[in-house]
Amino acid sequence: MTDGGDHKTDHGTHHGTHHDAHHDVIVVGAGVAGSLVARQLGDRGWRVLVLEAGLGDDDGPDGAPAVDAERFRSARAKVPSAAIAGNPLVPSPDVLDLGGRTGGGYRAAGHLVQDGPLPYASGYLRVNGGTGTAWTGLAPRMHPEDFRTADFGYGRDWPIGYEELEPYYRAAEHELGVAADPVEQRELVGLPLADGYAFAHRPLPASQVDRLLAERLDGRKITDPSYPRDVELRVVGTPQARNSAATEEHGPVCEGSASCIPVCPTGAKYTPRRTQRRWGPSVTLLTRAVAGRLLADPSGRITGVEYRRYDDPARPASVTRHTARGSLVVLAAHAIENARLLLSSGLANSSDQVGRNLMDHPVLLTWGLLPQRTGPYRGPGSTSGLEGFRFGPARAARAPFRVEIGNWGWTWAVGPPGHEVAALLRGGLFGAELRQAVGDRVGRQFALQFEMEQSADPANRVTLDPRRRDPLGDPRPVLTYDLSDHVKRGIAAAKAVSDEIFALLGAEDHSTYAAGPSQPGWFEYGGRPYAYRGAGHGAGTHIMGERPADSVVDSWQRAWDHPNLYVVGCGSMPSLGTSNPTLTMAAITLRSAERMHRELSGARVTLRAAAPGPTTPEETDTP
Ligand SMILES: Cc1cc2nc3c(=O)[nH]c(=O)nc-3n(C[C@H](O)[C@H](O)[C@H](O)COP(=O)(O)OP(=O)(O)OC[C@H]3O[C@@H](n4cnc5c(N)ncnc54)[C@H](O)[C@@H]3O)c2cc1C
Ligand code: SF4
């Protein structure tokens, strides 16, 4: 059956009118990447159908909103999914699916099957808006050096460089409403920003802990544990996709309410819904539409996308099957889900690289108490960081890393402040004594987050196991994941750096790494224990390259094997570099959208030349 006009009755998530069985473009996934592509192509008049697996705003069972404040309030762990209405038919992988075993090792439940030596420790969200609904919103650019790690003897180089991406970085910063200080980014991070360049917003104010650390650390030097050089410490503001002032274009100002994960109550943080609100009338969003397989003709052209629609996520019987037809197909379903769709379809894989090179930024957390109050649990998750360990020849010896200064106390490391209260209660404290102890302990908390660059390794991969299926009957993703020696050396170096920083601050170090339920990413290296967390930065699974023999997509994110298929998102990134990846992903996706537009226009011109007379979009085709 083909999709028909039944979607017009969709629950409030309908943009444009969806009459036709053939679309110029079908986009699978309405996260950051899919929403940007739909906007770019919709603005140019192309008829875009967006298939989104998750629920929309008022798509929840019984009309309950998909974002549910009560669910968040009562959730034991304030993880990214904590405010999102559950969806039994379209589950999202959750960090709570993982647990460590006493004595070492881990167990995994939920959507992702895991069989690697170490766990892939990140989740993502399958809801309209995708993972960008609950992301932290840090939006730094990659450094020019991050595009060519092979110069340092590891990883893969990009087929494009910083210079080529620069105009798209600017466009992405504008779209996401990035707040940052251009002078700091130029002088302290080393980004070649044009003179006079202004970010969309002035920088957000530094937090109290940022200011404390800057007072005590700025200008101090510590020796790089892996390389004979001194690194000067400098607390630098982190670019943020959140508003430092209210504007008509980007919305209200950040009020510091500190619930960015899972949701920003004011709308100050960028989410893909903001882009969706600007979609033109030729974009149609179909929520509760789960793509399962792509169809291709013998020449390799993608001819359609098979998808299932459900009315009620609690009622599998409500599922119906459809096929959407379009001239161009864009997969934007997240690195892991894009790979899953390609593997399920048996497409785009002549290189045998689909699903391989799975990367994340493994994070070492260190946490402690400062001698003075830090004012935690206020503002975005992190407003500043230390940049000195990202660059230079040391990255040949160990994974380079960016250090985020955490504003939310020990939340990520140990749990929300209730944990501390429970520990003090167990210690026998009550009344005024308890209140004073809570104020003292919680009020002095701080944490550092060391985010390691992990390079592309074909052995880290997504495969499918047809014996293990999800509620819709599709094979679940099986993840095989491990950390290389390069990354483990980076983690060990990060702990040594942290020790020096704690000493300079006069801080009590409370970081402990022990095999057990709360640390599934526990491992030993050089005779010492460590544990890592996932950053949520899944990447690499449809890797970009210069040759079809060893990559899945070209520099435009177009599948080498299928000229009318684009596979977009962090899955295309050949290296993750030393910055949070979404801004770079947005930049490459905006660049790809231009190419898609050119292809669609070129096809229309070709058709016009071949058959004079009025040409409708239905007649367009890719060259
Ligand atoms: C807790 C957390 C914090 C983060 N913080 C940051 C940060 O501070 N800075 C940063 O740069 N990055 C951050 N990230 C990463 C960032 O969220 C991702 O890079 C980004 O959201 C990826 O966007 P995407 O559009 O590629 O995928 P997603 O946002 O995952 O969107 C994919 C969409 O596809 C839909 N979909 C999936 N399967 C199907 C299917 N079969 N059919 C139809 N639709 C489908 C999903 O429902 C979803 O809407 C964070 C991630 C997490 C988990
Ligand atoms: S701190 Fe609060 S207002 Fe600011 S982005 Fe985060 S949740 Fe939104």
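This is a predicted model: local features need pLDDT of at least 70, side-chain atom pairs count only at pLDDT 80 or more; totals for chains, interfaces and linings use all residues.
A polar contact is a pair of N or O atoms within 3.5 Å. One lies 2.6 Å from a polar side-chain atom of Glu 52. An oxygen atom of the ligand is also 2.9 Å from a polar backbone atom of Val 127. On its own, ligand 1 has 1,000 Å² of accessible area, and the protein covers 96% of it.

The shell around ligand 1 comprises 37 residues. Glu 52 and Thr 582 are among the closest, together with Thr 131, Leu 138 and Ala 291. By class, 21 residues of this shell are nonpolar, 13 are polar and three are charged. Three elements each contribute at least two residues: α1 (32-43), β10 (289-296) and α12 (582-610). Strand β10 gives the largest share, with three residues.

Ligand 2 is surrounded by 14 residues. The closest include three cysteines, Cys 254, Cys 260 and Cys 264. Arg 242 and Ser 257 complete the list of closest residues. Six residues of the ligand 2 shell are nonpolar, five are polar and three are charged.

For residues 459-588, an unreviewed UniProt entry lists the domain "Glucose-methanol-choline oxidoreductase C-terminal". In the model, this stretch is 22% helix and 23% strand.

Notes:
Residues are numbered from 1 along each chain as its sequence is written. Chains are lettered from A and ligands numbered from 1 in the order in which they are written. Side-chain values use heavy atoms; hydrogens and water are left out. A residue is near a molecule or strand if one of its heavy atoms lies within 4 Å of it. Ala, Val, Leu, Ile, Met, Phe, Trp, Tyr, Cys and Pro count as nonpolar, Asp, Glu, Lys and Arg as charged, and the others, Gly among them, as polar. UniProt positions are given in the numbering used here, feature names are shortened, and annotations may be inferred rather than shown by experiment. Helices (H or I, at least four residues) and strands (E, at least two) are DSSP runs, numbered from the N terminus. A polar contact is a pair of N or O atoms within 3.5 Å; within protein, one must be able to donate a hydrogen and the other to accept it, and residues adjacent in sequence count only if both atoms are side-chain atoms. Accessible areas come from the Shrake-Rupley method with a 1.4 Å probe; for residues, only the protein chains shown count as cover.
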